[in-house]
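The following note concerns the strand and helix arrangement of the model shown below.

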Amino acid sequence: MQDTPLALEVSGLTKDYGSFILKDVSFSLPHGYIMGFIGQNGAGKTTTIKCIMNLVRPNSGTVKVFGIDASREPVKVRHMVGYVGEEQPFYEQMTVGATAWFVSRFRPNWDDDLFKRLCRKYRVPLDKKVKDLSKGTRVKFALSLALAHKPRLLILDEPMSGLDPVVRREVVEELLDLIQDEARSVLLSSHIVEDLERVADYIALIHSGRLLFALEKDEVLANWKRLTVPRELAPRIERYAFGAGEHSVTPVTLPETPAAAHARRETVTVVVDRFRELLRELPGLENRSDVQIESIGLEEIMLVVAKLGDTEESRSR
Amino acid sequence: MLALIKKDISLSLRSLLQSAVVAAIAVLAFSRLESGVAFVSVWSLMIPYSYALMTCYTEELNNGLVFCRSLPIPPSMIVWSKFVGSLSVTLASGAYVSLLGLFAIRVGWLKVGDGWLLFRAIAVPWTALFVIHGILFFLFFKYGYKRAQSVASMLPLVFLVPLILPGSTRHQISSFFTRIFGKSPDPDVVILALAAFGLVVEAVLTWCAAEVFERKDVA
């Protein structure tokens with residue numbers, strides 16, 4: 001995998017808006033893989049993507065797409081990228097067909113047959129004005145435009161945002177079908193994570209303008225665990241914890257001996273983000289009966305990160 | 001660039017056609033007045049002026065600049081397409097209004113000394129029009145439509161300036177040119193030179209707009 005060329009290489013990306021700062025974001029995406037880019041609303045996902053697309057100029061940092069600097073040769077980069085933004089601006093009075101004609105003038109690799117096939121498949125009418133398209137159809141139209149020139153890198157910024165569950169499921173299934181083409185690299189930003197868990201090879205999590213991690217999905221899921229451990233074990237565990245541990249009291253279950261009836265077991269529940277490293281220090285941990293280890297998904301990871309963020313913010317006030 | 005211009009014209013087509021109809025009515029209906037040639041003059045610039053405003057408004061309304069910047073289009077091309085498009089509409093509307101004027105002369109409604117007066121009526125305001133276009137595009141690409149429109153809408157007041165200047169001004173300008181060139185300038189040459197000057201100013205302002213837009217955050 002180390003020899004695989006990089007579809008996307010972001011280094012030290014910083015963008016200062018005053019009230020919000022995207023700080024020192026660095027990650028890379030090897031060609032042919034899918035990266036899920038997750039984070040709360042306002043975390044900095046869209047800002048990062050806009051910097052990649054050169055729609056906003058970062059204060060510092062570099063973005064390279066297949067080795068080409070996006071700030072020095074933005075037009076060359078955009079030839080290789082298919083982009084669907086969160087808001088999908090179009091000229092509302094133009095028809096679908098006229099918009100496609102306009103876009104095709106700037107896309108040497110434009111495949112009109114492919115575009116029409118996609119429109120037929122997604123039931124996007126060519127003669128309809130863009131303003132008359134429903135939200136779901138508009139997303140499918142945007143996807144068709146982004147795919148018709150066969151981009152090497154597809155960047156999707158919350159494409160399912162604002163869709164009702166029925167349309168969202170339809171769009172997601174079609175999208176997942178499309179983006180699993182191994183000849184294409186995909187950066188998919190979303191806060192609806194169950195879809196990313198299905199298809200992403202890599203996960204990048206951003207919070208309050210900072211990238212917390214950008215790792216292979218399997219590594220993320222293998223490292224983030226919820227542990228419930230006896231109190232005496234807590235100091236050794238908490239070094240690997242993401243945030244503070246939560247103390248709780250577990251009553252003894254009946255029937256119990258008189259001696260045990262007076263005993264109270266105190267446990268600590270922590271979420272760790274370096275479980276594999278923890279296992280190297282405590283190799284028998286998985287076999288202990290007094291230790292509970294639960295796998296947690298991406299959504300819960302986001303919740304933990306968000307909660308920690310809220311805690312730190314209230315502390316700083 | 002042709003695709004950008006075609007896109008702008010197709011989105012403004014209804015407005016252009018409406019302006020053309022109103023221009024025809026205004027020029028023909030009022031050509032019998034003593035100041036009938038003034039209507040020719042006004043409409044030779046109203047059509048391109050409203051077109052330039054309309055294209056900027058359409059971009060603002062549709063977030064068109066974000067859309068275009070997400071495509072492999074050099075930002076400078078987006079800016080220069082406005083320049084070329086507005087110049088094309090200016091020349092086309094000048095030709096159109098000239099035809100209306102010539103028709104009015106032919107049927108005896110418009111009484112002008114000679115055909116060249118019609119030409120001067122059309123070409124004279126072009127100097128101001130080109131400068132207005134340049135300022136409009138610069139302000140639009142730097143600050144957005146709202147500020148550009150509020151400034152640009154005040155600029156036609158420039159046409160009131162000759163009314164407040166004393167009558168001797170024209171004589172003073174003529175004397176100035178006589179001192180430089182050693183003879184009284186041909187009015188048509190002066191008009192063309194002024195129009196060319198206006199076009200150069202518009203081109204310089206457009207170049208500045210392109211430089212600014214290249215560096216601007218659009219989203």
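1. Helices (H or I, at least four residues) and strands (E, at least two) are DSSP runs, numbered from the N terminus, and two strands pair if DSSP finds at least two bridges between them. This is a predicted model, in which local features need pLDDT of at least 70 and side-chain atom pairs count only at pLDDT 80 or more, while totals for chains, interfaces and linings use all residues. Residues are numbered from 1 along each chain as its sequence is written, with chains lettered from A and ligands numbered from 1 in the order in which they are written.

2. In chain A, six strands make up an open sheet of mixed pairing, ordered S6-S7-S8-S3-S9-S10. Strands S6 (81-84) and S10 (210-216) of chain A are the edges; each has a single partner strand, so one side of each lacks a neighbour in the sheet. Neighbouring strands of this sheet are turned by 15° against each other on average, direction ignored; axes are lines fitted to C-alpha atoms, for helices over the stretch in contact, and angles run from 0 to 180 degrees between N-to-C directions.

3. Strand S9 (residues 202-207) of chain A runs parallel to S3 (residues 34-38) of chain A, the two being joined by four bridges. S9(A) is also joined to S10(A), by six bridges and in antiparallel fashion. Tyr202(A) stands opposite Met35(A) and opposite Glu216(A) in S10(A). The hairpin of S9(A) and S10(A) has two residues between the strands, and Ser208(A) takes a positive phi near 50° there.

4. A further open sheet of chain A has four strands in the order S2-S1-S4-S5, with antiparallel pairing. Its edges are S2 (21-30) and S5 (68-69) of chain A, each with a single partner strand, so one side of each is left without a neighbour in the sheet. Helix H1 of chain A packs on this sheet, touching S1 (6-16), S2 and S4 of chain A, and its direction makes about 115° with that of S1(A); contact requires C-beta atoms, placed from the backbone, within 7 Å. S4 (residues 60-65) of chain A is joined to S5(A) by two bridges, with Val65(A) opposite Ile68(A).

5. H1 (residues 45-52) of chain A also lies across S3, S7 (153-157), S8 (185-189) and S9 of chain A, at about 145° to S7(A). Helix H5 (residues 135-147) of chain A lies across S6 and S7 of chain A, at about 170° to S6(A).

Technical notes:
Contact = placed C-beta atoms within 7 Å.
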